[in-house]
Amino acid sequence: MASKSVVPAEAAAEVLAFERAVEAAVVRGDVDYVERFSAPDLTFTHGDGWTSGGKPLIVDEREAFLKRVRNKQYNVRDLDSVNVEMHGDIAITYGRYVAQNRTENPNQSWFSVWFERVYAKRNGQWLYLSHRTVHGPTYGPDRSSVSDK
């Protein structure tokens, strides 16, 4: 008997729930969760300089990203305007998050980032493969200063 396949809308909802769970784990500093659900070769590209032929601000490999999680670098990371493109067991999400850094610079306390991410379903579980910033970060002193960027 064949197993029931997940229809694209259900799969997209599953991916969005997974993405929200990862963001919540990052904020609470849950390294075990992020490590369990990220690929060993995870890459996290910060900054959009690469989109115009330049260089990104930073490219974190998994261990560097896990260090950010461990250090609880973020007070807030709220997703919005996120869409999902399904390709079987591969999902691409694109959208924005608004975040609050733990920083000494009050003018960079809040920021927004437009991104594209890639996930793969392996052994029945979604795995975080890649994050690439496509616009931003755009910084400001408070949420309202970056919420429409």
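Ile58 counts as partly exposed because its relative accessibility is 37%, where buried means under 20% relative accessible area, exposed over 50%, and partly exposed in between (1.4 Å probe, protein chains only). The model is predicted, with pLDDT of at least 70 needed for local features and 80 or more for side-chain atom pairs, while totals for chains, interfaces and linings use all residues. Residues are numbered from 1 along each chain as its sequence is written, and side-chain values use heavy atoms, without hydrogens and water.

**Surface**
- Ile58 lies in strand E2 (residues 58–61), strands (E, at least two residues) and helices (H or I, at least four) being DSSP runs numbered from the N terminus.
- Together with Leu57 and Tyr139, Ile58 makes a nonpolar surface patch of about 280 Å².
- Patch residues have over 30% relative accessible area and no salt bridge, with nonpolar side chains (Val, Leu, Ile, Met, Phe, Trp, Tyr) joined within 5 Å and like charges within 9 Å.
- A salt bridge is a side-chain nitrogen of Lys or Arg within 4 Å of a carboxyl oxygen of Asp or Glu.

**Largest pocket**
- The largest pocket holds about 200 Å³ of space.
- Of its 16 lining residues, His46, Tyr74, Phe111, Pro137 and Tyr139 are the closest to the centre.
- A pocket is an open set of points on a 1 Å grid where a 1.4 Å probe fits, with protein on both sides within 12 Å along at least five of seven lines; lining residues have an atom within 4 Å of a point.
- Strand E6 gives the most to this lining, with 4 residues.

**Helix H1**
- Ala9, in helix H1 (residues 8–28), is exposed, with a relative accessible area of 60%.
- Ala9 and Val84 are 75 residues apart in sequence and 9.2 Å apart in space, C-alpha to C-alpha.

Methods:
Points joined across faces, edges and corners; volume = space filled by probe spheres on them. Areas by Shrake-Rupley, 256 points an atom, 1.4 Å probe, with all protein chains shown as cover.
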